[in-house]
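Hi,

Here is the structure I promised to pass on. Have a look at it first, and then read my notes below.

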Amino acid sequence: MVNVGDSERAKKRLFLRVSPRQSQLVSGWASAFECHHPAPAVRCWHCDMKVTTNAPHRKLLRRGARGPAWESVLSEVRLQPDELHVWRASLACDPAKLNQMEATLAEDEKKRAQQLRFEKDRNHFIAGRGILRDLLAKYVSRAPAELRFRYGALGKPALDVEETQQSVRFNLSHSHGLAVFAFRLDREIGIDLELIRFNFATDEIAMRYFSPRELAEWRALPSNSRAEGFFLCWTRKEAYVKARGAGLHIPLDSFSVSLTPGKPEILESADSEQWSVCSLQPAAGFVGAVVGKGPDWRLRQYDWQP
Ligand SMILES: CC(C)(COP(=O)(O)OP(=O)(O)OC[C@H]1O[C@@H](n2cnc3c(N)ncnc32)[C@H](O)[C@@H]1OP(=O)(O)O)[C@@H](O)C(=O)NCCC(=O)NCCS
C-alpha cells in the first residue's frame, strides 16, 4: 500500500498552484480544465486543496512535456503512410459551436447524446463526435455531416467505406473535458487518455487490473511516482485493447506493459511484434498512450482549434 504520509508529500511536490491567468501563460490548456470536488470531501483528489464548497477551481500540475511538440495547424494536414497523427482538444465548447457540431451528427449520435443524463456529459459527447467529424472530414475531403460510421462487435467506430478503399483509421479517448483523437492510414490504432488521480491509483485497483509483472514493477516504484506509473500502465493497456477493438474481452493479465516513468514503453503480449506503443502528455496532469500496428510509424501531434 502507498504510505499516506509519502503520498501527501508526493502530491505537494507535483502540484503547482497558479491562477487561471498564470496557467494561460504556462499552458493555454490548463485554464480549460476545471476540477470538480467530490462532495463532501475533505480534500480535492485533483489538486489536494482543502474543500469547503462545490465550486469548480483550476489547478495545474507541473510536468515536463513528452514526445514531439504539439503543432498549431495553419494549413491543410495530410496523413503520410508512415505517420500517426494525434490531436488534442478541449471539449468545453461555446453553445454556438456546440449547435454547429450537433448539426453534423448522425441520428444515432444525437440520440445517444440525448440519453445522457447530465448536460455536461451531453455536451462533451456532442463535442467529441463533432470534433472527430471535423478532423476526419478534413482528412478525407468530405463534409462532416456526410461521414458514416460502422461499429465493430464491441463498439469500436470506423469510417464506413468499401473494404477495397484506402481508409483513415481513427480512435479517440476523453477524460475530464480533454479529448485526444488518433488517425492513421489503413492500419489499426488505439488511444487512451486519463487524468492522474491519486485516489484511484491504489494497490487494490492495481491488483484487479494489472498483470503480476506490472504489479511488481508498480510496487517497486518510489511513492512519489506511483500515481503516474499507475496511469502510464492503465493508458498503455487500454490503448492496446482499444487498438484491437476488443475492450475487456482480452484478459488484462494476459499481457504486460512497462510503467516506470521516464523508461521506454514496452508491450509484452502474444502479438507484441505487431504493435508499437507511445506515451502522450497532452496536458498538465494527464497521461495518455497510443498503440499502432507495426514498428514503422512516426508520431505527429496537433492542436485542434474551434
Ligand atoms: C470503450 C472502452 C474500450 C474504453 O472506454 P473508456 O476508457 O471508458 O473511454 P475512452 O474515452 O477511452 O474511449 C471511448 C471511445 O472509444 C471508442 N470505442 C468504443 N468502443 C471501442 C472498442 N471496443 N475499441 C476501441 N475503441 C472503442 C469510442 O469512440 C468511444 O468514444 P465515443 O463513443 O464518445 O465516440 C470500454 O468499453 C472498455 O472496455 N474499457 C475498459 C476499461 C478498463 O477496465 N480498463 C482497464 C485498463 S488497465
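Buried residues make up 35% of the 306 residues in the protein chain. Buried here means that 20 or more other C-beta atoms lie within 10 Å of the residue's own; 12 or fewer makes a residue exposed, anything in between is partly exposed, and the C-beta atoms are placed from the backbone. Do keep in mind that this is a predicted model: local features need pLDDT of at least 70, side-chain atom pairs count only at pLDDT 80 or more, and totals for chains, interfaces and linings use all residues. Residues are numbered from 1 along each chain as its sequence is written.

The chain has eight helices and 14 strands (DSSP runs, numbered from the N terminus: H or I of at least four residues for helices, E of at least two for strands). Of its contacts with a separation of 6 or more, 65% are between residues 24 or more positions apart; a contact means that two C-beta atoms, placed from the backbone, lie within 7 Å.

Now the inside. The largest nonpolar core has 56 residues, and those touching the most other members are Val180, Phe181, Ala182, Tyr240, Val277, Val290 and Val291. Such a core is a set of buried Ala, Val, Leu, Ile, Met, Phe, Trp, Tyr and Cys residues joined through C-beta atoms within 7 Å. The elements giving two or more residues to this core are β4, α5, β7, β8, β9, α8, β12 (275-280) and β13 (286-293). The largest share, ten residues, comes from α8. Leaving out residues up to four places away in sequence, Val291 touches Ile189, Gly190, Ala239, Tyr240, Ala243, Trp275 and Val277.

Leu193, in strand β9, is another one to click on. Leu193 counts as buried because it has 26 C-beta neighbours inside 10 Å. Its contacts beyond four places in sequence include Ser173, Val180, Thr235 and Gly288. Gly288 is 95 residues from Leu193 along the chain, yet their C-alpha atoms are separated by 4.2 Å.

Then there is the ligand. It is surrounded by 23 residues, the closest being Gly155, Lys156, Ser173, Lys242 and Gly247 (a residue is near if its C-beta atom, placed from the backbone, lies within 6 Å). Two or more residues of that shell come from each of α5 (119-140), β7 (168-175), β9 (189-195) and α8 (226-243). By class, the shell has eight nonpolar, nine polar and six charged residues. Nonpolar covers Ala, Val, Leu, Ile, Met, Phe, Trp, Tyr, Cys and Pro; charged covers Asp, Glu, Lys and Arg; the others, Gly among them, are polar.

Most residues other than glycine have a negative phi. Ser141, however, has a positive phi near 55 degrees; this residue is in the loop between α5 and β5 (149-151), and it is exposed because 7 other C-beta atoms lie within 10 Å. Asp186 also has a positive phi, about 65 degrees. Asp186 lies in the loop between β8 and β9 and is exposed, with 12 other C-beta atoms within 10 Å.

Cheers
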